[in-house]
Amino acid sequence: MHNSPLPRRSAFPPDFLFGAATSAYQIEGHKYGGAGRTHWDTFAAEEGRVVRGEDGAIACDHYHRWPEDLDLLAEAGFDLYRFSTSWARIMPEGRRGVSNSAVNKEGIAFYDRLIDGMLERGLKPALTLYHWELPQALADQGGWRNRDIAGRFGDYAELIAAHFGDRIWSAAPINEPWCVGWLSHFDGHHAPGLRDLRATAPAMHHILLAHGTAVQAMRASGMQNLGAVCNFEYALPADDSAAAQKAADVYDAIYNRFFLSGLFKGEYPDLVMQGFQDHMPKGWEDDFDVIQAPIDWLGLNYYTCKRLAPATQPAIATGKGAFVAGDPLWPHYKEMPPKGPLTAMGWEIYPEGLREFLIRTKAEYTDTLPLYVTENGMASDDRITSGAKGQNSVADAQRIDYFAQHMDACREAIAAGVPLKGYIAWSLLDNYEWALGYEKRFGLVHVDFETQVRTPKASWHAFAEALGS
Ligand code: FCB
């Protein structure tokens with residue numbers, strides 16, 4: 001008898017894959033193994049940027065505990081593990097240099113062990129090359145604002161291909177371009193914490209240029225199954241006025257359409273260019289050949305929706321964004337309060353948004369290209385309870401329900417003809433949730449950050465049951 005409320009494996013096509021995801025800085029413990037300083041170390045050390053000023057120095061100590069963590073993935077029955085390599089762990093200065101120390105041998109050896117450990121357990125290694133921990137040395141040179149980053153990132157991709165390419169199942173250069181670009185350079189919430197449209201427009205373009213450069217480098221080295229991973233938030237007008245619809249359209253263009261348009265149409269949406277045009281880097285129109293380097297799949301990360309209304313004051317006055325010229329009200333939207341039920345992040349639970357994005361992405365951008373849900377999950381206020389026999393458990397029923405609703409949305413998209421090939425939960429472990437420090441727990445497995453003890457939550461058991469069938 002099947003008790004898990006998650007749809008079972010047999011409810012999906014036979015070749016459908018299931019996985020769980022993490023990222024390097026969020027779990028590894030950056031102080032170990034000769035990794036170089038990153039802009040997240042710097043950002044976290046700045047007053048008021050991160051809850052309690054926490055950083056990724058120790059995180060989940062995955063650097064030492066990876067065998068146990070890979071066992072947890074394999075025991076739950078997952079097919080693949082979406083993980084990332086840290087650029088600064090592999091190249092502490094972010095670039096090839098004249099000295100041997102430009103490449104950290106301990107870092108290469110760590111990922112060798114980790115990838116071999118996945119293969120030994122039958123897990124497909126699904127690699128991301130950049131999940132946000134930019135080497136500080138490159139941040140000092142302007143980071144994503146500096147066009148040189150594309151070449152540096154291409155060098156790093158070449159190194160990754162040379163060392164690990166033969167054992168990697170899939171690779172995507174950059175996790176969530178919107179977060180790397182807009183959230184970090186316009187909203188100021190993530191490193192480097194800028195609020196400046198003059199920084200945002202070039203950063204968003206250079207991210208795609210770096211993506212394409214890395215894809216070309218990996219392809220030239222013989223790697224296959226290369227993709228891109230973008231994040232999406234469903235944009236809902238706060239009411240039925242035309243002005244609210246316009247606000248939602250602009251939000252949608254910046255968040256959900258900018259990177260897809262660049263990747264699949266070789267252009268950027270007019271609604272975004274209205275704000276960006278005066279700040280684009282020289283020669284940007286000529287970069288689309290690189291940006292559009294062919295890819296084999298697209299990953300969608302999806303968590304929530306937003307309700308939008310017309311802006312009544314400039315974003316700078318609301319603590320978001322800085323303007324240098326032109327229309328001070330651009331981008332013309334403000335976020336309105338979400339409607340319940342909410343997660344511990346205060347994010348509205350809106351599974352129909354995932355279904356609609358899958359259908360729209362196929363219809364308007366990707367056609368027959370395989371799609372994956374590369375992140376989906378929720379934070380909740382999880383507590384450990386001790387059972388009668390002394391065994392610990394975590395009853396995260398709301399998370400199981402969240403997963404079930406979003407997995408059903410995937411099945412609806414498949415039924416509507418979307419070539420969806422896999423679903424990856426965020427996250428295997430509770431971890432460093434960026435500006436929110438260790439406060440928000442997204443894991444299928446609870447981590448006690450004092451003792452590093454791992455406790456599988458009810459949601460982990462629910463996956464184990466659904467995937468075993
Ligand atoms: C995504 C990030 C991931 C994690 C989840 C909650 O935007 O890719 O690192 O922070 O959100």
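His446 sits in strand β12, which covers residues 445-447. Helices (H or I, at least four residues) and strands (E, at least two) are DSSP runs, numbered from the N terminus. This is a predicted model, in which local features need pLDDT of at least 70 and side-chain atom pairs count only at pLDDT 80 or more, while totals for chains, interfaces and linings use all residues. Residues are numbered from 1 along each chain as its sequence is written, and side-chain values use heavy atoms, leaving out hydrogens and water.

**Around His446.** Is His446 buried or exposed? His446 is buried, because its relative accessible area is 7%; buried means under 20%, exposed over 50% and partly exposed in between, with a 1.4 Å probe and protein chains only. The neighbours that His446 touches include Asp382, Ile384, Val394, Asp430 and Arg441, not counting residues up to four places away in sequence. Contact here means heavy atoms within 4.5 Å. With Arg441, the side chain of His446 also makes a polar contact of 3.4 Å. Such a contact is a pair of N or O atoms within 3.5 Å; within protein, one must be able to donate a hydrogen and the other to accept it, and residues adjacent in sequence count only if both atoms are side-chain atoms.

**The nonpolar cores.** In soluble globular proteins, nonpolar side chains tend to be buried together. A nonpolar core is a set of buried Ala, Val, Leu, Ile, Met, Phe, Trp, Tyr and Cys residues joined through side-chain atoms within 4.5 Å. The largest one has 140 residues, and Trp144, Phe276, Leu358, Tyr423 and Phe463 touch the most other members. Helix α9 (residues 197-220) gives the most to this core, with twelve residues. Leu358 touches Leu300, Leu371, Val373, Cys410, Ala413, Val418 and Leu420, again leaving aside residues up to four places away in sequence. Apart from this core lies another, of 13 residues, including Met345 and Trp426.

**The largest pocket.** About 670 Å³ of space lies in the largest pocket. On a 1 Å grid over the protein atoms alone, a pocket is an open set of points where a 1.4 Å probe fits, with protein on both sides within 12 Å along at least five of seven lines; lining residues have an atom within 4 Å of a point. Its volume is the space filled by probe spheres set on the points, which are joined across faces, edges and corners. Of the 29 lining residues, the closest to the centre are Leu183, His190, Met345, Trp347 and Glu433. Elements giving two or more residues to the lining are α8 (177-185), β5 (227-237), α10 (242-265) and β6 (297-310).

**Helix α3.** Helix α3 (residues 62-75) bends by about 35 degrees at Glu68, taking the bend as the angle between axes fitted to the seven residues ending there and the seven starting there. Among the buried residues of α3 are Tyr63, Trp66 and Asp69. Gly77, with a positive phi near 90 degrees, follows α3.

**Backbone details.** Most residues other than glycine have a negative phi, and most peptide bonds are trans. Here are some exceptions.

| Site | Feature | Angle |
|---|---|---|
| Ala191 and Pro192 | cis peptide bond | omega about 10 degrees |
| Trp330 and Pro331 | cis peptide bond | omega about 15 degrees |
| Arg52 | positive phi | phi about 55 degrees |
| His332 | positive phi | phi about 70 degrees |

Pro192 is in the loop between α8 and α9. Pro331 is in the loop between β6 and β7 (333-336), and His332 is also found between β6 and β7. Arg52 counts as exposed because its relative accessibility is 57%, whereas His332 is partly exposed, at 23%.
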